[in-house]
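This report looks at a few residues and their surroundings. Please keep the sequence and the model in view while reading.

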Amino acid sequence: MKKIAIFLLILIAIICTISYIYLNYKFDLNNAAKENSKFEMYIDKEVRGSELATIINKMVDSNEKNETQKDEEGKYINNDENSINIDIKFIDDDIIINAEKIYDNGINRFLTNYRKITFKCNEVQYHTKTGKIKYMQFEQITT
């Protein structure tokens, strides 16, 4: 009788452990999908500079909420979990500028010059550990 009770307790413990792992995995997957939905809607889509300013603000807000550290240049450091970086390639000067630099110099200044200019997201990378977006590159397509 004791052997059967011990066997059932072990079986219940195994089932509970597997259930916990599965539910935790599903939660993480749904959380990543929710976080990614804020940015994935812009993949391969043309957006105006005013909308790109909103995306930059979302990126900064996400990194600040996740307490992502910055390097000495003020760029968010990849933490392999939930950091996100955005680069913007300008065809006017043929340069790539990090979104944090635009944010630090003032979104209003960016909007003054690029509000009606069209950009397109042409590159996206994901964190391998969490599946969340870690990098996006937008390219200016009109002048």
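D92 is partly exposed, because its relative accessible area of 40% falls between the cut-offs of 20% for buried and 50% for exposed. The model is a predicted one. D92 sits in a loop, with β2 (85-90) on one side and β3 (95-98) on the other. Neighbours within four places in sequence left aside, the contacts of D92 are Y114, Q140 and T143. With Q140 there is also a polar contact, side chain to side chain, at 3.1 Å. E35 is 57 residues from D92 in sequence, and the C-alpha atoms of the two are 32 Å apart in space.

Where does N63 lie? N63 belongs to helix α2, which covers residues 49-65. N63 is buried, since its relative accessible area is 0%. Residues up to four places away in sequence are not counted here; beyond them, N63 touches T68, Y76, N82, S83 and I84.

F7 is part of helix α1 (residues 2-40). A relative accessible area of 53% is why F7 is classed as exposed. F7 also belongs to a nonpolar patch on the surface, together with I4, L8, L11 and I15. The accessible area of this patch is about 480 Å² in total.

| Residue | Relative accessible area | Class |
|---|---|---|
| D92 | 40% | D92 partly exposed |
| N63 | 0% | N63 buried |
| F7 | 53% | F7 exposed |

Key
Residues are numbered from 1 along each chain as its sequence is written. This is a predicted model: local features need pLDDT of at least 70, side-chain atom pairs count only at pLDDT 80 or more; totals for chains, interfaces and linings use all residues. Side-chain values use heavy atoms; hydrogens and water are left out. Helices (H or I, at least four residues) and strands (E, at least two) are DSSP runs, numbered from the N terminus. Buried means under 20% relative accessible area, exposed over 50%, partly exposed in between (1.4 Å probe, protein chains only). Contact means heavy atoms within 4.5 Å. A polar contact is a pair of N or O atoms within 3.5 Å; within protein, one must be able to donate a hydrogen and the other to accept it, and residues adjacent in sequence count only if both atoms are side-chain atoms. Patches are made of residues with over 30% relative accessible area and no salt bridge: like charges are joined within 9 Å, nonpolar side chains (Val, Leu, Ile, Met, Phe, Trp, Tyr) within 5 Å. Accessible areas come from the Shrake-Rupley method with a 1.4 Å probe; for residues, only the protein chains shown count as cover. A salt bridge is a side-chain nitrogen of Lys or Arg within 4 Å of a carboxyl oxygen of Asp or Glu.
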